[in-house]
Amino acid sequence: MNLPSDFSQRTHELLGDNDYRQLEDALQDEAPVSIRVNSAKCDKEVKGERVPWSANGIYLAERPTFTFDPLFHAGCYYVQEASSMFVEQVLKTYVSSPVVMLDLCAAPGGKSTAARAVLPDGSLLVANEVMRNRVQILAENLIKWGNTEVVVTNNDPSDFAALPGMFDVVLTDVPCSGEGMFRKDAVAVEEWSADNVQICRQRQRRILADVWTALKPGGLLIYSTCTYNREEDEDNVAWIARELGAEVLEVPVRPEWNITGNLTEADFPVYRFLPHKTKGEGFFLAVLRKDTEGGEEERTGDYLKEHAGGRKDKKKGGREKQQVMTVPKEVKDWLQHPEDYQFEVKGTGIVAFPKKHSETYALLQQVLKVIHAGVTLGELKGKDIVPDHSLAMTIAMRQGKFLQAELSYEQAIGYLRKEAVVLDSSVPRGYILLTYKKIPLGFAKNIGNRANNLYPQEWRIRSGYLPDVLSMVWDD
């Protein structure tokens with residue numbers, strides 16, 4: 001890897017001679033491979049070294065063929081860079097009761113799924129992505145993760161100013177110059193420049209200023225980048241504290257984690273992950289608490305009461321008019337505790353959303369472009385209701401409501417390729433929940449001689465190739 005000369009000079013000045021040389025050497029090595037297991041779905045043991053700051057993070061000895069692992073598609077684990085799993089420690093330190101949390105720049109969903117895994121029950125996670133071409137993968141990954149206390153939105157950070165003081169926690173993993181991704185992304189090396197660092201710094205400040213109103217006084221801001229330079233890291237943290245009004249907080253860490261602290265003259269705690277010291281990619285994180293002094297954000301309760309019940313249906317901006325329909329009890333009973341949900345028809349889909357967040361959800365729908373919320377139970381097709389893939393993925397589905405058929409590995413890959421599935425003749429006709437190693441993969445409609453594949457077309461495995469030797473996360 002040929003590092004840009006300006007990057008080398010700037011980073012050498014920041015780290016010093018010895019650390020910079022070690023970093024330079026580390027960037028020539030292969031990046032470690034790590035996953036985070038979804039303990040709500042899988043209790044299988046994964047062989048590998050534990051990621052010390054994540055309860056379910058595992059370093060793998062080699063990179064498996066994730067695309068050809070059905071349990072990857074079933075949401076049993078998420079492939080996530082180890083350093084970024086540190087968000088878990090922040091939430092465990094400062095969040096002990098239910099909160100409303102916003103992950104502002106969330107795609108593809110690593111930190112969102114990590115947050116959702118450790119947030120207390122009763123919390124609501126709003127995962128947002130401004131880029132249209134990235135928000136669908138965010139929704140896909142959160143649907144696979146299986147928790148219903150989730151909303152996925154597609155909005156600019158400035159849109160959240162209409163939600164004063166709504167969020168107890170805001171995570172801003174801001175777009176950055178990407179220095180921490182150099183050894184995984186050759187494009188990041190090619191596109192780096194000192195000018196781009198300054199552009200990123202200004203963009204990051206705009207994003208933070210735009211979303212600041214939506215964070216309630218006393219709320220928690222988690223600021224992170226995947227870069228090394230001080231302008232996007234410590235300097236921006238100092239700017240947040242000084243210009244927006246916040247206190248920088250400390251997160252307990254252990255010495256053996258080899259996390260690096262503040263590299264500037266400023267006296268506040270930050271957390272740097274440097275590849276020559278910590279097993280992971282380059283990552284920076286700081287935690288701040290918003291000042292509690294005055295401000296209109298404190299009128300959150302009045303704002304909710306004024307607007308949550310007065311939603312006007314709109315067809316523009318992705319807000320579809322709701323159909324008036326009574327959802328059949330047998331469909332509601334597809335969930336374990338239907339009494340805990342409100343049900344609505346959106347387009348041709350039947351959506352269930354936790355009642356405890358109904359006021360917040362109404363306001364979100366009024367202000368934001370909602371891509372996914374709660375769990376989609378099924379799709380209306382004439383007089384029929386076709387069970388949705390979101391239902392198969394959720395941990396809230398009631399067991400025993402659908403007949404199940406266990407697939408072999410070859411059948412599972414065929415199903416994930418959206419191929420027709422042939423089931424055993426003993427399997428009854430109708431909607432069947434297909435499983436692999438007892439984990440739900442999705443639905444099919446068995447019509448006798450074959451089964452119609454109901455796997456989402458846009459999620460299918462597009463490769464017809466199958467490796468001669470499969471390396472899997474879980475051994476058979």
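Me: What makes the lining of the second largest pocket divide into nonpolar, polar and charged residues?
Reply: The lining splits into 14 nonpolar, 11 polar and 10 charged residues. Ala, Val, Leu, Ile, Met, Phe, Trp, Tyr, Cys and Pro go down as nonpolar, Asp, Glu, Lys and Arg as charged, and the others, Gly among them, as polar. Before going on: this is a predicted model, where local features need pLDDT of at least 70 and side-chain atom pairs count only at pLDDT 80 or more, while totals for chains, interfaces and linings use all residues. Residues are numbered from 1 along each chain as its sequence is written, and side-chain values use heavy atoms, with hydrogens and water left out.

Me: Why is the second largest pocket called a pocket, and what is its volume?
Reply: The work is done on a 1 Å grid over the protein atoms alone, and a pocket is an open set of points with protein on both sides within 12 Å along at least five of seven lines. A cavity, by contrast, is a set of points where a 1.4 Å probe fits but cannot get out. The second largest pocket has a volume of about 970 Å³, that being the space filled by probe spheres set on points joined across faces, edges and corners.

Me: How do you know which residues line the second largest pocket, and which are closest to its centre?
Reply: A lining residue has an atom within 4 Å of a point. There are 35 of them here, and the closest to the centre are Gly 349, Ile 371, Thr 376, Asp 388 and Glu 458. Helix α6 gives the most, with five residues. The elements that each supply at least two include β15 (349-354), β17 (375-381) and α13 (389-393). Helices are DSSP runs of H or I with at least four residues, strands are runs of E with at least two, and both are numbered from the N terminus.

Me: What lines the second largest cavity?
Reply: Ile 143, Gly 146, Asn 147, His 372, Gly 374, Val 375, Ser 390, Met 393 and Thr 394 do. By type, that lining has three nonpolar, six polar and no charged residues. The volume is about 40 Å³, and the structure holds three cavities of 30 Å³ or more.

Me: Why does Trp 459 count as buried?
Reply: Buried means under 20% relative accessible area, exposed means over 50%, and partly exposed is in between (1.4 Å probe, protein chains only). Trp 459 has 11% relative accessibility, so buried it is. Trp 459 sits in the segment after β22 (451-453). Neighbours within four places in sequence aside, Trp 459 is in contact (heavy atoms within 4.5 Å) with Glu 140, Ile 143, Lys 144 and His 389.

Me: And what makes Asp 121 count as exposed?
Reply: At 69% relative accessibility, Asp 121 is past the 50% cut-off. The residue lies in the loop between α5 and β6 (124-128). Asp 121 and Pro 98 are 23 residues apart along the chain, with C-alpha atoms separated by 6.4 Å.

Me: How do you know that the radius of gyration agrees with a compact globule?
Reply: The radius is taken over C-alpha atoms, and the globule rule is 2.2 Å times the number of residues to the power 0.38. For 476 residues that rule gives a value near 23 Å, and the protein chain has 23 Å, so the two agree. Of these residues, 57% count as buried. The chain has 14 helices and 22 strands.
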